[in-house]
Amino acid sequence: MLKYFAILAASAAAACSQPGSAGSPGEKEAPMDRYVITVSHEEGQAASQADMDKVVAALQQHEAHSVEVLEGLPTIIVTAAPDAIEAARQTGLVEAVQSDSLSAPQ
């Protein structure tokens, strides 16, 4: 019985010491969420490549985790912290931002 308790305690201690675990003093990591960004464009046309590139650059400068541009659409799917989304909005080229998450079960 004591053997199993020791294994359990060692496993719990190892899990707490993994990188990125909560509780690191002074370390505050911004929450990353997934968003769908629509870049401004003329109705029925794709956004210009230059506009798409400017929005992507703003996201990358603010350490977006992943940025996926949907070819032929004015759409960027990104996993990033809210400050990266705000930087993209400040370009003046963002038409809409939607949170990309699962709906609550009903």
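A: Buried means under 20% relative accessible area, exposed over 50%, and partly exposed in between, with a 1.4 Å probe and protein chains only.

Helices (H or I, at least four residues) and strands (E, at least two) are DSSP runs, numbered from the N terminus.

The model is predicted: local features need pLDDT of at least 70, side-chain atom pairs count only at pLDDT 80 or more, and totals for chains, interfaces and linings use all residues. Residues are numbered from 1 along each chain as its sequence is written, and side-chain values use heavy atoms, with hydrogens and water left out.

Now take Leu-59. Not counting residues up to four places away in sequence, Leu-59 touches Ile-37, Ala-64, Val-67, Ile-76, Val-78, Ala-84, Ile-85 and Ala-88. Contact means heavy atoms within 4.5 Å.

Next, the two helices. α2 (residues 49–61) and α3 (residues 82–89) pack at about 150°, and their axes are 8 Å apart. Axes are lines fitted to C-alpha atoms, for helices over the stretch in contact, and angles run from 0 to 180 degrees between N-to-C directions. The two helices are therefore roughly antiparallel to each other (under 35 degrees is roughly parallel, over 145 roughly antiparallel, 65 to 115 roughly perpendicular, the rest oblique). On the α2 side, Val-55, Ala-58 and Leu-59 make the contact; on the α3 side, Ala-84, Ile-85, Ala-87 and Ala-88 do.

Strand β3 (residues 75–80) also contains Thr-79. Thr-79 counts as buried because its relative accessibility is 17%. Beyond four places in sequence, its contacts are Met-32, Asp-33, Arg-34, Ala-64, His-65 and Ser-66. At 14% relative accessibility, Thr-75 counts as buried. Leaving aside neighbours within four places, Thr-75 contacts Val-36, Ile-37, Met-52, Glu-68, Val-69 and Leu-70.

Finally, the whole chain. From the N terminus, its elements run α-β-α-β-β-α-β. Of its 106 residues, 25% count as buried.
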